[in-house]
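Work through the exercises below with the sequence and the coordinates at hand. Each task is followed by its solution.

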Amino acid sequence: MAKERDLLLDKYSSRVFKNRKSHITQLEFGEKPDEIAANNRAIPGIITARGCCYAGCKGVVIGPMKDSVVITHGPIGCAFYTWGTRRNKAKPSYEGEPNFVPYSFCTDMRAPDIVFGGEKKLEEGIDDIMRLFNPKCIFICSTCPIGLIGDDVQAVARRVEEKYGITAIGYSCEGYKGVSQSAGHHIANNGLMRYVIGKGEEAPKAKYSVNLLGEYNIGGDGWEQVRILKKIGYEVVSVFTGDGSYETVKNSHLADLNLVMCHRSINYIAEMMKTKYGVDWIKVNFIGVGGTCKSLRMIAKYFNDPELIKRTEEVIAEELAEINEDMEYYKSKLKGKTAGIFVGGSRSHHYQMLLKDFGMETTIAGYEFAHRDDYEGREIIPQIKADADSKNIEEITVQREPGYEDRYSEEELKKMREEGIELDTYDGMIKDMNKGNMVVDDYNLFETDQLIEEYKPDIFFSGIKDKYAIQHGGVVSRQMHSYDYSGPYAGFRGAVIFGRDVAMSLYTNAWALVKPPWKTTPMIEGTLGGVG
Ligand code: CFM
Ligand code: HCA
């Protein structure tokens, strides 16, 4: 076993050691493919960076749909602490379009409601919402106590639909379902597939149309991607779900192609739309200049129209001319630096591509809640064993809808794959990393400290929970979830902003100049993971 991995594990008790060993891999690229365990329960008591199922459903997938009201059915804290904390930007797309993203709606469940049930309170709350805001769609998101007391949010949703003639979805996305946010993504995807996608009839007008799946417009990323796609001439039918809406998502089945940004949070919908409506999906990555060019070329190749291919090249050339000088400048500042990147489920891979554009290597990386396919590639899916927690999340199966046909024959799709179009596939993060690099699943604060000590990255990208601990260790940290209130980082223009932010951080690392007191005298003592 390699030295760095030993260091990470050797302070653990034997029980914790056994568990964490399978979630940590130092890449060998030997004869046997590098493997990692993922999507399992975190060890009780360990300070994991993960969130909960409700966060994945309410905060991540459903929350950004601006014309829909999301009501948290539960205690006020769950609504309050998820109010505006994820930077999914949204603005009305036309005059009069509602935008409920800045609001937080909640049933504010108190002790008597827990005792006597909260369905009535929920229905009254929805009556208020209808009276005041009159949305076309309402999502009810359940928090932990709702599942425990047995409120039937689906039944409430059906009653609301009948009463008001709108779409209402009751989500049983209680925080404890599954092992992380990931369960919430799945549950949210199922609801959108069942009750929203396919409801509309407005066909795209442009010759070529796409949906952007798994793009949540954090810091305006989605806007930059839509700008580029539109400049080439594509119609973007819907974005799932950044700056997205019920009104557009319901027409998404009529688009020509699905572009998947965040594989982890949305692959279910991509797969189901292929089965039900024959819409192919391509894994794209608009993070990084190289990634953006590659993705744009792949999309054009899918449609296989010489005019479109020419236009794509023109736009790429124009965009590169605009950013080249800045990119070169930041590259001269960043080349040779190393990074660690630990985020939820997709960015730890996507951002490695952007760092490569600047000549930086990511030596340590990991996800909070991704599955093995996000690390090792989708070919691993048949080998993934379902456990009690994953079985707990409903799998829905869909069938081909009459009147919808595959866009291409199997033969044509096979040829496209051979030509390098990443159709219905994702290769995962590991293949883009180097030998000796460390990959850690469901990382925790202790491991973060150890990794920093051993690998000494110049910068550590992470989230709010660990940012300050990392900086106290003298290492620059930038939040890769919220972009520390900067961005966009996607596409061509975003790459320059990212380069600027990283260069600024690295060249003004005040944290390296201070020594926190606990560096000289330990302030607490104890054992890790119990004794034995
Ligand atoms: Fe996908 Fe995301 Fe991510 Fe994610 Fe998230 Fe996020 Fe993330 Mo925070 S959908 S998996 S559940 S890319 S909220 S926009 S930044 S952990 S890496
Ligand atoms: C979530 C949301 C989050 C948290 C960010 C962080 C986000 O997981 O519920 O921990 O810094 O991006 O806002 O991932």
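This is a predicted model: local features need pLDDT of at least 70, side-chain atom pairs count only at pLDDT 80 or more; totals for chains, interfaces and linings use all residues.

Residues are numbered from 1 along each chain as its sequence is written, while chains are lettered from A and ligands numbered from 1 in the order in which they are written.

**Exercise 1.** Describe the shell around ligand 2.

Step 1. The shell holds 13 residues, a residue being near a molecule if its C-beta atom, placed from the backbone, lies within 6 Å of it. The closest are Ala 55, Arg 86, Gly 463, Ile 464 and His 481.

Step 2. By class, two are nonpolar, nine polar and two charged; Gly is counted as polar.

**Exercise 2.** Why is Pro 33 classed as partly exposed?

Step 1. Locate Pro 33: it is in the loop between strand E1 (24-26) and H3.

Step 2. Pro 33 is partly exposed because 13 other C-beta atoms lie within 10 Å; buried requires 20 or more, exposed 12 or fewer, and partly exposed lies in between.

**Exercise 3.** In what order do the strands of the open four-stranded sheet run, and which stand at the edges?

Step 1. The order is E7-E6-E8-E9, with parallel pairing; two strands pair if DSSP finds at least two bridges between them.

Step 2. E7 (235-241) and E9 (280-283) each have a single partner strand, so they stand at the edges.

Step 3. Inside the sheet, four bridges join E6 (209-215) to E8 (257-260).

Definitions and conventions:
Helices (H or I, at least four residues) and strands (E, at least two) are DSSP runs, numbered from the N terminus.
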